[in-house]
Amino acid sequence: MAIQHAVLALLARGPSYGYELKSAFEAAVGPQWGPLNIGHLYQILDRLSRDGLVVAERRSQPVKPDRVVYEITADGRAELDRWLTAPSPRSGGFRDDFFLKVTAAARSGEASVVRTVLTNQRGHLMRELRNLDGLRRRADDPVVRLLLSAAGRHVEADLAFVDDAEAALLADGGVTLAGLADAPPPGGTDRAAGRSARADPTDAGARPDDGTGPTRAAG
């Protein structure tokens, strides 16, 4: 999980506690990530402690309640080094809600449905791109600017897919969509053939017992 390794990276700089780690994480990754839930962070810290990657020490304070301070272990540093040197595959693979939406719209055979789906998504992505660009221009941290730029690249790739879908599904005046709408669902032909075979009265397996066949027991 990427967040637990990011927490290890923060602790590699020195011991820290929950809310300090939360602030440091949010400052490091920038606004495009969103706020880190403190409850989720403590779950991550508990897991890291159980795995021996960090140690927790309860420290008393003069006025406030005791504070739990976390420190990375040698095993934690080894795990951080392993993570940093390994390539990063896409965490969700290529499963995407919008891919499924395009599939459903295309199979409907309706150009208006496809056009609505693509137009709405393009508008959403354009707004997202403008927002990321504004955040990048206002960011002071060069790493945060880089991460915001990377997020923008992802949005640009999504916009390119919308253009590709429009060209593939709408540029031929509906011929492609008509073919998709007329195509039988996967397995549909086989199931229909199976139903026909079972209903065929000439099939020996479906012939009624008239007393002359082998299904009549000798009396």
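Which residues are buried in helix 5? In this predicted model, they are Phe-98, Val-102, Ala-105 and Ala-106. Viewed down the helix axis, these buried residues fall within an arc of 100°, so they line one face of helix 5. That buried side packs against three elements: helix 6 (111–138), helix 7 (142–170) and helix 8 (175–182). The face turned away from the buried side carries exposed residues, namely Asp-97, Leu-100, Ala-104 and Arg-107.

Helix 5 itself has twelve residues. From first C-alpha to last, helix 5 reaches 17 Å. This is close to the 16 Å expected at 1.5 Å a residue.

Arg-107 lies in helix 5, which runs over residues 97–108. Although exposed, Arg-107 touches Leu-180 and Ala-181, with residues up to four places away in sequence not counted. The C-alpha atoms of Arg-107 and Thr-176 are separated by 10.0 Å. Along the chain, these two residues are 69 residues apart.

Helix 2 contributes Gly-18, Tyr-19, Leu-21 and Lys-22 to the contact. Helix 3 contributes Ile-38, Leu-41, Tyr-42 and Leu-45. By class, the contact of helix 2 with helix 3 has six nonpolar residues, one polar residue and one charged residue.

Definitions and conventions. Residues are numbered from 1 along each chain as its sequence is written. This is a predicted model: local features need pLDDT of at least 70, side-chain atom pairs count only at pLDDT 80 or more; totals for chains, interfaces and linings use all residues. Side-chain values use heavy atoms; hydrogens and water are left out. Contact means heavy atoms within 4.5 Å. Helices (H or I, at least four residues) and strands (E, at least two) are DSSP runs, numbered from the N terminus. Ala, Val, Leu, Ile, Met, Phe, Trp, Tyr, Cys and Pro count as nonpolar, Asp, Glu, Lys and Arg as charged, and the others, Gly among them, as polar. The expected span of a helix is 1.5 Å times one less than its number of residues. Buried means under 20% relative accessible area, exposed over 50%, partly exposed in between (1.4 Å probe, protein chains only). The arc is that of the directions from the helix axis to the C-beta atoms.
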